[in-house]
Protein chains: 2
Amino acid sequence: MKLDRHSSVPLYAQLRELIVERIQDGVYGQGDRIPSEMTLCAELDLSRPTVRQAIAELVSDGILEIQKGRGTYVAVEPDRLLIPHFNALTFSFLNLVNYEDIGLQPVQHVEPDPELDAAFNIPEVKHAGYWMLQWPIMFDQRVYGWCTSYISAQVFPNLGQSIASGKRMIDIKSNKYAFLPVKGSVSLLARPARNKEASILEIPKRTIVLAASGELYGRNGNVCEHIRIALRPDLLKLEIN
Amino acid sequence: MKLDRHSSVPLYAQLRELIVERIQDGVYGQGDRIPSEMTLCAELDLSRPTVRQAIAELVSDGILEIQKGRGTYVAVEPDRLLIPHFNALTFSFLNLVNYEDIGLQPVQHVEPDPELDAAFNIPEVKHAGYWMLQWPIMFDQRVYGWCTSYISAQVFPNLGQSIASGKRMIDIKSNKYAFLPVKGSVSLLARPARNKEASILEIPKRTIVLAASGELYGRNGNVCEHIRIALRPDLLKLEIN
């Protein structure tokens with residue numbers, strides 16, 4: 001990219017993008033100090049206010065950081081937590097070995113609902129409804145995601161009570177062999193956070209989050225769990241094999 | 001959510017979030033007309049300018065749409081293109097059956113590079129470098145993504161020439177059985193678009209994109225291809241199994 005003095009784009013905006021591209025191309029590496037205002041002025045034959053405005057905008061965008069008395073540096077992106085072998089079952093409740101340490105919220109019973117009935121492929125009849133389970137994805141006391149799992153109350157009639165009384169997962173699962181997830185299909189996409197998700201994930205309203213939702217299937221081929229997950233987009237990466 | 005007349009948050013901002021949450025909760029469905037300004041004033045005991053400002057902000061955010069002479073509607077999210085069974089090999093070049101229709105850019109040869117050498121696990125010695133292949137993910141004349149694939153020029157010494165001369169994929173792959181991808185590992189994350197990606201994907205600069213990058217392995221266990229993909233976050237969803 002070269003500066004174009006005949007362009008209708010102001011020079012400070014061109015310089016801003018030139019600096020961005022030098023960062024993207026690795027000319028200025030993460031954590032590196034960028035050249036001083038004076039050096040940039042001299043290199044590119046620009047006025048001091050032009051350089052100052054470009055840098056000010058990049059600082060306000062979080063792309064550059066001023067370290068007082070030391071200079072201007074390329075902001076370092078935080079390390080991301082890797083979720084290894086991410087697949088449809090990664091955030092399944094029924095796939096957990098135990099649930100004591102996950103910060104599970106009080107389990108709620110929800111009435112039959114057209115959207116959930118469609119997900120579970122349950123015809124529109126009176127039925128026992130669903131258990132809704134919610135828990136955060138925590139690591140080092142930081143919230144990385146928020147999981148919601150729906151499980152049929154027909155198949156697990158006492159799940160709410162069992163969890164409230166601290167029954168062990170192994171006992172909850174016993175005799176339910178055919179209803180435990182063995183495969184699944186989730187849609188992963190990026191979308192603005194819902195207000196509740198933004199508040200739990202501690203991000204500004206309507207920030208883009210990674211969202212995964214879909215169905216898990218038991219050995220009998222029926223849907224056994226429906227999951228909806230919202231993930232911090234800036235702190236996570238998912239390994240896909 | 002209820003309006004709080006004693007809060008330091010202005011009423012229009014509270015109303016804005018109340019409308020957002022009604023949309024998120026499905027009270028106002030996609031494409032539905034929302035109640036008129038007058039109706040909202042009456043329902044919530046608010047002044048007309050308060051209601052007008054909340055709606056104006058949601059229109060400018062793209063959450064509501066004014067249809068002239070008809071009213072204010074909840075914006076409809078575009079249908080997303082589903083990439084079925086997304087996995088590390090989905091956007092592999094070497095996994096393609098043919099490349100004639102993908103809009104492949106002229107193949108470039110790139111010199112040995114520390115980052116690529118590390119990805120391919122090639123020690124720091126003089127070697128033949130890489131072929132860089134780039135093509136868009138197109139559907140219905142719309143760009144959904146941008147793929148970059150690196151392939152070792154040691155293993156495929158004539159790849160550039162073969163492609164330039166229109167050699168068929170089946171012939172390019174013949175005798176290369178051990179070097180064709182059979183598994184892989186990519187990191188999927190959300191990050192701001194690089195300027196070049198933003199321009200190809202036709203999105204504003206630094207919009208969050210879905211990015212996947214990683215290594216594909218051949219039958220011999222060695223890295224045979226390194227891919228870097230940027231995907232439109234608003235138009236795609238990935239099926240993960």
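User: Which conventions apply to the numbering and to the values?

Analyst: Residues are numbered from 1 along each chain as its sequence is written, and chains are lettered from A and ligands numbered from 1 in the order in which they are written. Because the model is predicted, local features need pLDDT of at least 70 and side-chain atom pairs count only at pLDDT 80 or more, while totals for chains, interfaces and linings use all residues; side-chain values use heavy atoms, with hydrogens and water left out.

User: What area do chain A and chain B bury between them, and how many residues are in contact?

Analyst: The size of an interface is often given as the accessible area lost when the parts come together. Here chain A and chain B bury about 2600 Å², of which 51% is on carbon and sulfur atoms. Buried area is the accessible area (1.4 Å probe) that two parts lose on being put together, summed over both. In terms of contact (heavy atoms within 4.5 Å), 34 residues of chain A meet 34 residues of chain B. The copies meet through the same surface, because 100% of the interface residues of chain A are also interface residues in chain B.

User: How many residue pairs are in polar contact across the interface, and which elements of chain A supply the side that touches chain B?

Analyst: The rule finds 20 residue pairs in polar contact across the interface of chain A and chain B, both residues being at pLDDT 80 or more. A polar contact is a pair of N or O atoms within 3.5 Å; within protein, one must be able to donate a hydrogen and the other to accept it, and residues adjacent in sequence count only if both atoms are side-chain atoms. On the side of chain A that touches chain B, at least two residues each come from helix 1 (11-24), strand 7 (181-192), strand 8 (208-218) and strand 10 (236-240). Strand 7 of chain A gives the largest share, 8 residues. Helices (H or I, at least four residues) and strands (E, at least two) are DSSP runs, numbered from the N terminus.

User: Which residues are linked with A:E57 in a network of salt bridges?

Analyst: A:E57 is linked with A:R16, A:E17 and B:R206 in a network of salt bridges. Within it, the closest N and O atoms of A:E57 and A:R16 are 2.6 Å apart. This pair links distant parts of the chain, 41 residues apart, with A:E57 in helix 3 (residues 48-60) and A:R16 in helix 1 of chain A.

User: Are A:E57 and A:R16 buried or partly exposed?

Analyst: Buried means under 20% relative accessible area, exposed over 50%, and partly exposed in between (1.4 Å probe, protein chains only). A:E57, at 23%, is therefore partly exposed, whereas A:R16, at 17%, is buried.

User: Where is A:S152 placed, and what does its side chain reach?

Analyst: A:S152 belongs to strand 6 (residues 142-152) of chain A and is buried, at 6% relative accessibility. Its side chain reaches the backbone nitrogen of A:Q154 at 3.1 Å. Leaving out residues up to four places away in sequence, A:S152 touches A:F120, A:G129, A:Y130, A:W131 and A:C224.

User: Which residue joins A:T148 in a polar contact of side chains?

Analyst: A:T148, also found in strand 6 of chain A, has a side-chain polar contact of 2.8 Å with A:Q134. A:T148 is buried, with a relative accessible area of 8%.

Notes
A salt bridge is a side-chain nitrogen of Lys or Arg within 4 Å of a carboxyl oxygen of Asp or Glu.
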